[in-house]
Amino acid sequence: QVQLVESGGGWVQAGGSLRLSCAASGSISSIDMMGWYRQAPGKQRELIAHIISDGGSTTYVDSVKGRFTISTISRDNGKNMVYLQMNNLKPEDTAVYYCYARRNRAFGSWGQGTQVTVSS
(Lines give C-alpha, C1' and ligand atoms only; values in the text may rest on other atoms or scores of the structure.)
Protein backbone atom coordinates (compact mmCIF):
# COMPACT_ATOMS: atom_id res chain seq x y z
CA GLN A 1 0.00 0.00 0.00
CA VAL A 2 1.02 3.57 -0.69
CA GLN A 3 -0.34 6.57 1.17
CA LEU A 4 -0.44 9.96 -0.53
CA VAL A 5 -0.91 13.34 1.13
CA GLU A 6 -1.23 16.48 -0.99
CA SER A 7 -0.73 20.11 -0.06
CA GLY A 8 -0.29 23.47 -1.74
CA GLY A 9 -3.64 24.21 -3.33
CA GLY A 10 -5.40 27.52 -2.94
CA TRP A 11 -6.66 30.60 -4.68
CA VAL A 12 -4.66 32.62 -7.19
CA GLN A 13 -5.32 35.23 -9.82
CA ALA A 14 -4.89 34.39 -13.50
CA GLY A 15 -1.25 34.53 -14.49
CA GLY A 16 -0.10 33.52 -11.03
CA SER A 17 1.70 30.41 -9.81
CA LEU A 18 1.17 27.64 -7.32
CA ARG A 19 3.18 24.58 -6.37
CA LEU A 20 1.44 21.39 -5.34
CA SER A 21 3.24 18.83 -3.20
CA CYS A 22 2.49 15.18 -2.58
CA ALA A 23 4.19 13.01 0.01
CA ALA A 24 4.17 9.28 -0.71
CA SER A 25 4.82 6.77 2.07
CA GLY A 26 4.46 3.04 2.53
CA SER A 27 5.54 0.66 -0.22
CA ILE A 28 7.29 3.39 -2.20
CA SER A 29 9.94 1.08 -3.63
CA SER A 30 7.25 -0.52 -5.80
CA ILE A 31 6.12 2.79 -7.35
CA ASP A 32 6.85 2.91 -11.08
CA MET A 33 4.92 6.05 -11.98
CA MET A 34 3.54 9.11 -10.21
CA GLY A 35 1.25 11.70 -11.62
CA TRP A 36 -1.25 14.47 -11.14
CA TYR A 37 -4.89 14.31 -12.18
CA ARG A 38 -7.47 17.03 -11.98
CA GLN A 39 -11.23 17.14 -11.99
CA ALA A 40 -13.21 20.26 -12.74
CA PRO A 41 -16.91 20.56 -11.83
CA GLY A 42 -19.04 18.54 -14.22
CA LYS A 43 -16.02 17.03 -15.98
CA GLN A 44 -14.19 13.75 -15.88
CA ARG A 45 -10.95 13.35 -14.00
CA GLU A 46 -8.02 13.73 -16.38
CA LEU A 47 -4.35 12.89 -16.16
CA ILE A 48 -2.42 16.10 -16.74
CA ALA A 49 1.17 15.10 -15.95
CA HIS A 50 3.09 12.02 -15.00
CA ILE A 51 6.67 10.97 -14.39
CA ILE A 52 8.19 7.53 -14.73
CA SER A 53 10.31 6.44 -11.80
CA ASP A 54 12.86 4.62 -13.96
CA GLY A 55 14.54 7.31 -15.98
CA GLY A 56 12.37 10.25 -15.01
CA SER A 57 10.61 10.79 -18.33
CA THR A 58 7.63 13.11 -18.14
CA THR A 59 4.42 13.51 -20.11
CA TYR A 60 1.93 16.38 -20.10
CA VAL A 61 -1.51 16.93 -21.51
CA ASP A 62 -1.47 19.61 -24.20
CA SER A 63 -3.44 22.12 -22.14
CA VAL A 64 -0.66 22.43 -19.53
CA LYS A 65 2.47 21.97 -21.66
CA GLY A 66 4.94 24.78 -21.15
CA ARG A 67 3.16 25.98 -18.00
CA PHE A 68 3.28 23.02 -15.58
CA THR A 69 6.30 21.01 -14.47
CA ILE A 70 6.24 17.71 -12.59
CA SER A 71 9.23 16.58 -10.54
CA THR A 72 10.09 14.09 -7.83
CA ILE A 73 12.53 13.82 -4.94
CA SER A 74 13.36 10.73 -2.92
CA ARG A 75 13.97 11.56 0.72
CA ASP A 76 15.88 9.60 3.33
CA ASN A 77 12.90 9.45 5.70
CA GLY A 78 11.13 6.77 3.69
CA LYS A 79 9.01 9.18 1.68
CA ASN A 80 8.96 10.18 -1.94
CA MET A 81 7.82 13.65 -2.90
CA VAL A 82 6.20 14.63 -6.16
CA TYR A 83 5.64 18.26 -7.07
CA LEU A 84 3.60 20.08 -9.66
CA GLN A 85 4.83 23.60 -10.37
CA MET A 86 2.02 25.50 -12.06
CA ASN A 87 2.82 28.80 -13.77
CA ASN A 88 0.71 31.22 -15.80
CA LEU A 89 -2.44 29.75 -14.32
CA LYS A 90 -5.71 30.24 -16.16
CA PRO A 91 -9.31 30.15 -14.92
CA GLU A 92 -9.79 26.88 -16.79
CA ASP A 93 -7.17 25.31 -14.53
CA THR A 94 -9.64 25.56 -11.66
CA ALA A 95 -10.20 22.02 -10.38
CA VAL A 96 -9.51 19.57 -7.61
CA TYR A 97 -6.02 18.19 -8.14
CA TYR A 98 -5.20 14.61 -7.14
CA CYS A 99 -1.86 12.94 -6.68
CA TYR A 100 -1.60 9.41 -8.06
CA ALA A 101 0.94 6.63 -7.64
CA ARG A 102 1.08 3.39 -9.59
CA ARG A 103 2.76 0.32 -8.15
CA ASN A 104 4.10 -2.59 -10.15
CA ARG A 105 2.38 -1.28 -13.30
CA ALA A 106 -0.98 -2.35 -11.91
CA PHE A 107 -2.11 -0.91 -8.60
CA GLY A 108 -3.07 2.71 -8.13
CA SER A 109 -3.29 4.91 -5.04
CA TRP A 110 -4.89 8.34 -4.78
CA GLY A 111 -4.44 11.33 -2.56
CA GLN A 112 -7.38 13.13 -0.99
CA GLY A 113 -7.30 16.00 -3.48
CA THR A 114 -6.52 19.68 -3.13
CA GLN A 115 -8.58 22.54 -4.55
CA VAL A 116 -7.02 25.02 -6.97
CA THR A 117 -9.07 28.07 -7.86
CA VAL A 118 -7.91 30.58 -10.47
CA SER A 119 -9.83 33.83 -10.75
CA SER A 120 -9.90 36.01 -13.86
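The structure is a predicted model, in which local features need pLDDT of at least 70, side-chain atom pairs count only at pLDDT 80 or more, and totals for chains, interfaces and linings use all residues. Residues are numbered from 1 along each chain as its sequence is written, and side-chain values use heavy atoms, with hydrogens and water left out.

**Exercise 1.** Determine which residues Thr-94 is in contact with, leaving aside neighbours within four places in sequence, and list polar contacts of its side chain.

Solution. 
- Step 1. With contact taken as heavy atoms within 4.5 Å, Thr-94 touches Ala-40, Gln-115, Val-116, Thr-117 and Val-118.
- Step 2. A polar contact is a pair of N or O atoms within 3.5 Å; within protein, one must be able to donate a hydrogen and the other to accept it, and residues adjacent in sequence count only if both atoms are side-chain atoms.
- Step 3. The side chain of Thr-94 has a polar atom 2.9 Å from the backbone oxygen of Pro-91, and it reaches the backbone nitrogen of Val-118 at 2.9 Å.

**Exercise 2.** Find the partner of Asp-93 in a salt bridge and state whether the two residues are buried or exposed.

Solution. 
- Step 1. A salt bridge is a side-chain nitrogen of Lys or Arg within 4 Å of a carboxyl oxygen of Asp or Glu; the whole structure holds five.
- Step 2. Asp-93 pairs with Arg-67 at 2.8 Å, N to O. This pair links distant parts of the chain, 26 residues apart: Asp-93 lies in the loop between β8 and β9, and Arg-67 in the loop between β6 (58-60) and β7.
- Step 3. Buried means under 20% relative accessible area, exposed over 50%, partly exposed in between (1.4 Å probe, protein chains only). Both Asp-93 and Arg-67 are buried.
- Step 4. Salt bridges with shared partners connect Arg-38, Glu-46, Arg-67 and Asp-93 in one network.

Methods
Helices (H or I, at least four residues) and strands (E, at least two) are DSSP runs, numbered from the N terminus.
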